[in-house]
Amino acid sequence: MNDTQKAKIYIVDDDAGVRDMIELMVSSVGYDYQSFPDANSFLNGFEDTHGCLLLDIRMPGMSGMVLQEKLNQQQVLLPVIFITGHGDITMAVEAIQNGAFDFMEKPFREFDLLNKIEKAIESDLQNRVDLEQRQEIDKRIGSLTKRENEIMFLVTQGKANKVIAIDLNIAQGTVEIHRSRIMQKMAARSLPHLMRMLVVAGQL
Amino acid sequence: MFRFQWWQQHVLARKMIVAAVLFSSCVTLAMTLFQLGLQYRHHIETIESSSTIVRGSIQKSLVQSIWDFDDATTRLQVEGVLQLPYVRKVRLSLSDGRLFEYGSDSTIQRRSERIPLVFDQGNDRRYLGELFIAADLESVYWDLSNYAMTVLFSNFLKTLLVVGFLSYVFERNVGRHLNRLIEHTKTRKLAGYGRPLHLERLANEQIDELDVLVDSYNEMQQRIEDEHDQTLAALETRQELQQQLEQLDRQVMMGEMATSLAHELNQPLATITGYADIGQRFNRQGEQQKLAEILDKIASEGLRASEIIVRTREFIKSRTHTLERIEVSKLVAQSVELVSHVALQQQIDIQIVKMVDNCWVNGDIVQLQQVLTNLLRNAIDELKDLDSAEIWIKVRSEDEKVWIDVHDNGPGIADNIIGKIFDPFVSTKKDGMGVGLAISYNLIEAHGGALSASNRKAGGATFTVLLPTIK
């Protein structure tokens, strides 16, 4: 993923008027958008790319809550902003507990919605970058040999090459070669950089 | 005629009399036959004893007198034989040709005997003649039949008397009470609960079957009444529950409709709000063309909201109307009848003081009754704890309109409420929902009429239902 990719706003609402209004709202400030009149068509037509989902909580057929559950099952990253009517607060709270990003109560002000969309997109971007980084670091760790992997963790424990050589009963020169290959494969500029990467990957 | 009627009506007595007569006759007949048999035997024995007497005593002396040629004695003796019971003919024919004959010979039923007269003295035996005696059985039969007749007649008389007396006793002790019981059972009704059954009988210390019957009958009646009361009470409770359920149903329906209406209206409202904000932005950016488009959208969303409201109203109207011709006096009377038991409980008098005849309205009878009973129930609730509480209804008609006024002499409507008494969820009652009058108002409006409320100067409230009339 690159940072230049434009965020896409998905709108799922059974009411054509509301859909039309939100489309105008997001398009006039420059977002890409795609709208669906019901949950099923969204499930068949969406892509889990950078953006967010504006989801009506009350819809005929599959409700917003059920759709959220399905998205959770599919481990979709798209942040969900629920659009609720009056008296749907308990449902909104439940949605938040199920991992929704936020909710808007109809009628809402443009400023609030755009604000929430912006935050959601930021959060989504962060999530996707994090995920990408993690995936990259995982890939690099996967490219290490078993011995390199072993030595990398001894290194991150702050052990000197000499100590490692004694521990593993190998020559100090061998440790040094391994170490330089590790730094190369992990594309680490320095030991702190390597350690940060391992933290991001959840290895430390 | 009257007797015959009595005979026809009193089947039980008739059966008893017939049975008594039949049985008594059979017994009498059997007894009489038995006695006749005995009598007959007795008579025959008497006749036989006569011949024994003749053979035993008269024979010898007769032989002697014949031997002596004592004709006078002979005659006397023969005549004496005639005096024996049932002997009707005596003939003495002597061997010398003389003949002494007495008695008549006409009888057919007879028992005769020939006694030879032989003189016997030592070795000298001589045949003197023959004595012929005939006993008359007819007189025996005559006697017997006389006897039978007497017995039968006396028994007939006795039976008649006994049966007559028995029927009198039966009629007096059982029959009339049975008739009273029949009459009582026939006229007995559950409504109003008649008096218990009482038979007019002489004071009797001994309790007999009739007393037991009366007691058990009255107990049965009491049980039936009790059960009837229970059934009525259960029915009433069920009706009340049914009404409450319907009321609840209406409230739930109203609630659901309100929720659905709120949800539907929220969509165009949200859209309008959103468009207004976008419009603001376009305005700031000087995008006049886009702003105009937005304003158009706002207008159409406003119309959409209005359409939702119109649709909802039409829905309410459509689902509640079944029109028919209704006579106003009937409508009022039925509505009063529907609340009469509540009014009775509270000892409140509901009177229809003025009524217009032959006045018709077009409407849903159930709904109009619902409105009137609602007004009456409200009045009853207001008057609940008052002395001399009164509700009166006046109906007047003019210019194709009819006004139904429901007056009461209660505390009237509070000033702070009178303006909004037909609004939903406004109630003066402690546990009131405040929907009754609101629904009533809508129902009357849906009938093209009007419902209004006012306080009377003399105190109390008046609710007026105005409806258009039809011909």
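1. Two residues are taken to be in contact if their C-beta atoms, placed from the backbone, lie within 7 Å. With that in mind, and remembering that this is a predicted model, one can look at chain B as a whole: among its contacts between residues at least 6 apart in sequence, 65% join residues at least 24 apart. Chain B has 471 residues, of which 19% are buried, and its secondary structure comprises 10 helices and 11 strands.

2. In chain A, the feature to find is an open sheet of 5 strands, which pair in the parallel sense and follow the order β2-β1-β3-β4-β5. The edges of this sheet are formed by β2 (32-36) and β5 (102-105) of chain A, and because each of them has a single partner strand, one side of each is left without a neighbour in the sheet. From one strand to the next, the twist averages 20°.

3. At one end of that order, strand β4 (residues 80-84) of chain A pairs with β5(A) in the parallel sense over 4 bridges, and within this pairing Ile81(A) has Asp102(A) of β5(A) as its bridge partner.

4. Which strands of chain A does helix α5 (residues 110-143) lie across? The helix lies across β1 (8-12), β3 (51-56), β4 and β5 of chain A, and it runs at about 135° to β3(A).

5. A pair of helices in chain A also deserves attention, namely α6 (residues 146-156) and α8 (residues 172-185), whose axes come within 10 Å and cross at roughly 90°. Since angles of 65 to 115 degrees count as roughly perpendicular, α6(A) is therefore roughly perpendicular to α8(A). The residues that make this contact include Ile151(A) and Met152(A) of α6(A), together with His178(A) and Ile182(A) of α8(A); by class, the contact has 5 nonpolar, 1 polar and 4 charged residues.

6. Where chains A and B meet, the contact takes 17 residues from chain A and 16 residues from chain B. On the side of chain B that touches chain A, helices α5 (209-285) and α6 (288-320) of chain B each supply at least two residues, and α5(B) gives the most, with 14 residues. The residues on this side of chain B divide into 6 nonpolar, 6 polar and 4 charged.

7. Within chain B, helix α7 (residues 328-345) packs with helix α8 (residues 365-383) at an angle of about 40°, and their axes are 9 Å apart. The two helices, α7(B) and α8(B), are therefore oblique to each other, and α7(B) passes α8(B) in a right-handed crossing. Among the residues that meet here are Leu331(B), Val332(B) and Leu338(B) in α7(B), and Leu368(B), Leu372(B) and Leu376(B) in α8(B). By class, this contact of α7(B) with α8(B) has 12 nonpolar, 4 polar and 1 charged residues.

8. Finally, strand β8 (residues 390-398) of chain B pairs in the parallel sense with strand β6 (residues 349-354) of chain B over 5 bridges, where Ile352(B) has Ile393(B) of β8(B) as its bridge partner. β8(B) also pairs with strand β9 (residues 401-408) of chain B, in the antiparallel sense and over 8 bridges, with Lys394(B) standing opposite Asp405(B) in β9(B). The hairpin of β8(B) and β9(B) has 2 residues between the strands, and in this hairpin Asp399(B) takes a positive phi near 50°.

Terms used. Residues numbered from 1 in each chain as written. Chains lettered and ligands numbered in written order. Predicted model: local features only at pLDDT ≥ 70, side-chain atom pairs only at ≥ 80, totals over all residues. Pairing = 2+ DSSP bridges. Axes fitted to C-alpha atoms, helices over the stretch in contact; angles between N-to-C directions. Nonpolar A, V, L, I, M, F, W, Y, C, P; charged D, E, K, R; others polar. Parallel < 35°, antiparallel > 145°, perpendicular 65-115°, else oblique. Buried ≥ 20, exposed ≤ 12 C-beta atoms within 10 Å, placed from the backbone. Left-handed = near helix turned anticlockwise from the far one by under 90°.
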